[in-house]
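Work through the exercises below with the model open. Each task is followed by a solution in steps.

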Amino acid sequence: MQTNNKTVVKSMQILNLFIKHSKLTFTEMLTYSEIPKTSLHRMVGSLEEMGFLTKDKDGFYSLGLLFLQFGQLVANRLDIRIIAKPIMEQLRDDVEEAVNLIIKDGNEAMYIEKVDTLQPVRLYTSVGRRSPLYAGACSRIILAYLPEEEREAYLEHVKLEQIGIGTITDKEKLREILAESKREGYTVSISELENYTTAVSAPVFNHTGEVIAGLSIAGIEGRYGAERLPMLIKKVTSGANLISKKLGHNIP
């Protein structure tokens, strides 16, 4: 494990050279990195094979097109935050609850933006926090709208572990709730990630109609009674639709 860590660090050392230099020869990389020649040769070969580096006919190395793909992905995620933030702030002001924006990252959900409530008793969340896709309204709404094949592949392999007292741990029940969520266009969770909390979430789509995020209103369970829930569902759905529209999605 320690050897693997050192390899990763040295590989990043090589890639960092291209922040200041658009192109480098092997000899220049050897000089700047001070990595032993044999090790450098092996790592440069691996980076080239994986698409992180590319070599032209004159023997110069530069960053590979894979970085363009990563860069576009990061840009897309940053764009949604910029678009969503004022809508989230308005939603928070309207309902006086915390508002979260979550995306799928691998087989997990990750919080990428949040707007806190001004309520004295509040639910703690933070940007960068991760949760499983099956638990919590915001995570689950993304799972509900994934392509069927992708969703089923996830459900086949994931182990549904108890996190809160309301976490769904039965796969057939989860499938039913996912189908209902997709049919209704929203989902509600109660005590799934943290006890005595409730969240209401709706999906966010990009210009191709692909689900790329979930928008949620979340807080202490006592503020989410039956008389208030329809209003919260309407508000979060409207907010998610507005973000989707600004991202180029045509709302039916």
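**Exercise 1. Overall description**

Task: For this predicted model, state what share of the contacts with a separation of 6 or more comes from residues 24 or more positions apart, then describe the extent and the content of the protein.

Solution. 
- Step 1. Of the contacts with a separation of 6 or more, 56% are between residues 24 or more positions apart.
- Step 2. The C-alpha trace spans about 70 × 40 × 35 Å along its principal axes.
- Step 3. The protein contains eight helices and eight strands.
- Step 4. The protein has 252 residues, and 42% of them are buried.

**Exercise 2. Helix 7**

Task: Check the span of helix 7 against its number of residues, and determine where its buried residues lie around the axis.

Solution. 
- Step 1. Helix 7 has 14 residues, and at 1.5 Å a residue it should span 20 Å. The expected span is 1.5 Å times one less than the number of residues.
- Step 2. The buried residues of helix 7 are Leu174, Ile177, Leu178 and Ser181. Viewed down the helix axis, the buried residues fall within an arc of 105°, so they line one face of helix 7.
- Step 3. Glu176 and Arg183 are exposed on the other side of helix 7.
- Step 4. The cover over the buried residues of helix 7 includes helix 5 (137-144), helix 6 (148-157) and strand 6.

**Exercise 3. The second largest pocket**

Task: Give the volume of the second largest pocket, list its lining, and assign the lining to elements and residue classes.

Solution. 
- Step 1. The volume of the second largest pocket is about 170 Å³.
- Step 2. Its lining consists of Arg140, Ile177, Glu180, Ser181, Glu184, Tyr186, Thr187, Val188 and Ile190.
- Step 3. Two or more lining residues come from each of helix 7 (171-184) and strand 6 (187-190). Helix 7 gives the largest share, four residues.
- Step 4. By class, the lining has four nonpolar, two polar and three charged residues.

**Exercise 4. Thr198**

Task: Is Thr198 buried or exposed, and which residues does Thr198 touch beyond four places in sequence?

Solution. 
- Step 1. Thr198 lies in strand 7 (residues 197-205).
- Step 2. The relative accessible area of Thr198 is 4%. Buried means under 20%, so Thr198 is buried.
- Step 3. Leaving out residues up to four places away in sequence, Thr198 touches Val188, Ser189, Ile190, Ile217, Ala218, Gly219, Glu221 and Tyr224.
- Step 4. Val188 and Ile190, which Thr198 touches, also line the second largest pocket.

Notes. Residues are numbered from 1 along each chain as its sequence is written. This is a predicted model: local features need pLDDT of at least 70, side-chain atom pairs count only at pLDDT 80 or more; totals for chains, interfaces and linings use all residues. Side-chain values use heavy atoms; hydrogens and water are left out. Buried means under 20% relative accessible area, exposed over 50%, partly exposed in between (1.4 Å probe, protein chains only). Contact means heavy atoms within 4.5 Å. On a 1 Å grid over the protein atoms alone, a cavity is a set of points where a 1.4 Å probe fits but cannot get out, and a pocket is an open set with protein on both sides within 12 Å along at least five of seven lines; lining residues have an atom within 4 Å of a point. Grid points are joined across faces, edges and corners, and a volume is the space filled by probe spheres set on the points. Ala, Val, Leu, Ile, Met, Phe, Trp, Tyr, Cys and Pro count as nonpolar, Asp, Glu, Lys and Arg as charged, and the others, Gly among them, as polar. The arc is that of the directions from the helix axis to the C-beta atoms.
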